[in-house]
Amino acid sequence: MARREPLNRERVLDAALELADNEGLEGLTMRRLAKALGVEAMSLYNHVSNKADILDGVAERVFVQVERPDPALTWQEQVRGVALSMHRVFSRHPAVPLALVTDQSNPTSVRALEPLDALVGALFQAGFDDLGAWRALTAVNSLVFGSLMLSTGGFTGDPGVHAGEQGVSAYIREMDPVRLPHFSRLLRSTRNGVDPAADFERALDMLIHGLTAEASSLAN
């Protein structure tokens, strides 16, 4: 008879992330998590405090996958690298950014915050003061997590389909192209799907262009 691997926090968080990936935030319950691990729900509390603790641990697991930038790069390249990595990593786990933006998760561990610390360091390198760096960080985070919410909404599956064909078809059916000619034209161009990753990368370049202009004005 095979010996069952002892339950620990690492196993609980691994299973929780897999469950959230497959069933979303609503599917991540203590009862379902315990069933996936083959244990009683009460035994989970020996390793995690509650669902919020689980979500913080799961978010940390995703944050640590974000690539750290090379400090030898320009600040623009560092910001771009961190933001692209964040978008790529979190897009693989749509339930996690949903937990973060809805304040169901707020990880404060060093491991979770290291990518953001690197991002802030690049903004200081650009010449932003504390307030300017805060506003620039907010802009980058808003773009990253806003793009993820618009393209996935916390769903599993192909984000291009959620953001494109399925999400737009209902609008097209109800939209009056005479009264709303511009928006109607735009949505019809996306009816066969979109490329959220490419759209995000282009939007990020536009944001960095704006941040560069702002940093240049501070230096003058």
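Predicted model: local features only at pLDDT ≥ 70, side-chain atom pairs only at ≥ 80, totals over all residues.
**Entry 1: the nonpolar core.** Next I looked up the largest nonpolar core, and it has 57 residues. Leu33 turned up again here: together with Leu44, Ile54, Met86 and Phe90, it has the most contacts inside this core. Which helices supply at least two residues each? I noted α1 (9-27), α2 (30-37), α3 (51-63), α4, α5 (95-101), α6, α7 (130-151) and α11 (196-219).

**Entry 2: α4 and α6.** Then I turned to a pair of helices, α4 (residues 75-91) and α6 (residues 110-126). Their axes come within 8 Å and cross at roughly 155°. Angles over 145 degrees count as roughly antiparallel, so that is how α4 and α6 run relative to each other. I also wrote down that α4 passes α6 in a left-handed crossing.

Which residues meet there? From α4 I listed Trp75, Gln78, Val79, Val82 and Met86; from α6, Pro115, Leu116, Leu119, Ala122, Leu123, Gln125 and Ala126. I sorted the residues of this contact into 10 nonpolar, two polar and no charged. Met86 was already in my notes, as one of the residues with the most contacts inside the core.

**Entry 3: Ser147.** My last stop was Ser147, in helix α7. Is Ser147 buried or exposed? Its relative accessible area is 17%, and buried means under 20%, so Ser147 is buried. Not counting residues up to four places away in sequence, Ser147 touches His87, Ser142 and Phe200.

Conventions: Residues numbered from 1 in each chain as written. Heavy atoms only, no water. Axes fitted to C-alpha atoms, helices over the stretch in contact; angles between N-to-C directions. Helix = DSSP H or I, 4+ residues; strand = E, 2+ residues; numbered from the N terminus. Parallel < 35°, antiparallel > 145°, perpendicular 65-115°, else oblique. Left-handed = near helix turned anticlockwise from the far one by under 90°. Contact = heavy atoms within 4.5 Å. Nonpolar A, V, L, I, M, F, W, Y, C, P; charged D, E, K, R; others polar. Core = buried A, V, L, I, M, F, W, Y, C linked by side-chain atoms within 4.5 Å. Buried < 20%, exposed > 50% of the residue type's maximum accessible area, 1.4 Å probe, protein only.
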